[in-house]
Every structure is written in structure tokens, then in C-alpha cells.
Amino acid sequence: MMSDIPNIAPFNRDAEARGGYLYTTQMSVGSQFATQRTTDTILQLGNFAGRRLLDMGCGDGFYTFRLWDQGHPKAITGVDMADKAIDVANQQKEARPIHFEVGNAHHLPFPDNSFDLA
């Protein structure tokens with residue numbers, strides 16, 4: 001199980017205790033501006049519309065949701081090693097057809113060319 005990896009435990013504790021990570025659930029005004037600037041920068045870097053995205057290290061889905069809502073991709077798969085964060089992402093995705101799963105970037109279960117962007 002990925003949660004047995006020592007450096008994943010703090011992420012799982014944070015996600016489980018807060019229903020998401022501290023920086024996504026208890027944002028100050030400064031954090032709100034910073035996360036919006038990051039989202040805007042990511043969206044400006046690529047044309048996401050109609051493309052299949054892989055979001056590695058998606059955590060609690062905070063940025064994944066914004067990429068879906070604002071980038072209009074064809075599909076998004078979010079992968080993270082913290083199983084509690086993936087649980088939060090799945091609980092918060094609402095009707096968005098985003099696929100979240102626990103996984104390791106070094107051992108992805110997807111065939112080649114499954115995604116247009118990562």
C-alpha cells in the first residue's frame with residue numbers, strides 16, 4: 001500500500017484531518033491569490049481543450065478541478081501516492097467525470113499514448 005511509504009504519511013494525515021490539504025482548505029487571501037496565479041500560469045502554458053490530461057501528484061484534486069473547469073479538457077486522470085488525498089478528491093469531484101487513483105509516477109499502469117499532456 002502506498003500509504004505505508006514513510007514520506008506519504010504526513011500528506012495522508014493532512015488530507016484526512018482537514019478533508020483536503022491545509023493550503024486548499026484554509027486559505028488566507030494571500031494563498032488564494034497565489035493558487036489562482038499558479039492555475040492561470042498552468043492554463044496559459046498549454047491548450048487543454050479537448051485533450052486527455054494526466055495530473056501527476058494531484059493530491060486532493062484542488063488544481064485538477066480547476067484544470068477541468070477552466071481548461072475544458074476531454075478527460076483528466078489524477079494520480080497521487082497519498083490514498084487519503086485521493087479519497088478526498090473522489091469525494092469532492094461532484095459530477096465532474098475525472099478519474100482519480102492511487103499510483104506511483106515511476107510505475108504507471110497506463111499504456112503508451114494514453115494522454116496528450118502530463
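The model is predicted, so local features need pLDDT of at least 70 and side-chain atom pairs count only at pLDDT 80 or more, while totals for chains, interfaces and linings use all residues. Residues are numbered from 1 along each chain as its sequence is written, and side-chain values use heavy atoms, with hydrogens and water left out.

The protein chain contains five helices and three strands. Both kinds of element are DSSP runs numbered from the N terminus: helices are H or I with at least four residues, strands are E with at least two. From the N terminus, the order is α-α-α-β-α-β-α-β.

The overall dimensions were computed next. For 118 residues, a compact globule would have a radius of gyration near 13 Å; the protein chain has 14 Å, which agrees. The radius is taken over C-alpha atoms, and the globule rule is 2.2 Å times the number of residues to the power 0.38. Along the principal axes, the C-alpha atoms fill a box of roughly 40 × 35 × 25 Å. Of the 118 residues, 36% are buried. Buried means under 20% relative accessible area, exposed means over 50%, and partly exposed lies in between (1.4 Å probe, protein chains only). Contact means heavy atoms within 4.5 Å. Among contacts between residues at least 6 apart in sequence, 59% join residues at least 24 apart.

The surface was then examined. The protein chain exposes about 7,000 Å², and carbon and sulfur atoms supply 53% of this area. Accessible areas come from the Shrake-Rupley method with a 1.4 Å probe; for residues, only the protein chains shown count as cover. There are 10 positive and 14 negative side chains, and the centres of the two sets lie 5 Å apart. Lys and Arg count as positive, Asp and Glu as negative; His and the chain ends are not counted. The place of a charge is NZ of Lys, CZ of Arg, CG of Asp or CD of Glu.

In soluble globular proteins, nonpolar side chains tend to be buried together. The largest nonpolar core here has twelve residues: Leu43, Phe48, Leu53, Cys58, Phe65, Leu67, Trp68, Ile76, Ile86, Ala89, Ile98 and Phe100. Such a core is a set of buried Ala, Val, Leu, Ile, Met, Phe, Trp, Tyr and Cys residues joined through side-chain atoms within 4.5 Å. Helix 4 (62–71) and helix 5 (83–92) each supply at least two residues of this core. Helix 4 gives the most, with three residues. Ile98 is in contact with Thr64, Phe65, Trp68, Ile76 and Lys93, leaving aside neighbours within four places in sequence. A second, separate core has six residues, among them Ile8, Tyr21, Ala85 and Val88.

Helix 5 has Asp83, Ala85, Ile86, Val88 and Ala89 as its buried residues. Their cover includes helix 1 (9–18), helix 4, strand 2 (75–80) and strand 3 (99–102).

Two backbone angles were noted. Most residues other than glycine have a negative phi. Glu94 is not a glycine, yet has a positive phi of about 55 degrees. Glu94 follows helix 5 and is found in the loop between helix 5 and strand 3. The residue Glu94 is exposed, with a relative accessible area of 67%. Asn113, also a residue other than glycine, has a positive phi near 65 degrees. Asn113 lies in the segment after strand 3 and counts as exposed at 68% relative accessibility.

Two further positions were located. Pro97 has its place in the loop between helix 5 and strand 3. At 56% relative accessibility, Pro97 counts as exposed. Pro97 and Arg51 are 46 residues apart in sequence; their C-alpha atoms are 14 Å apart in space. Thr25 lies in helix 2 (residues 22–25) and counts as partly exposed at 34% relative accessibility. Not counting residues up to four places away in sequence, Thr25 touches Arg18, Gly19 and Gly20.
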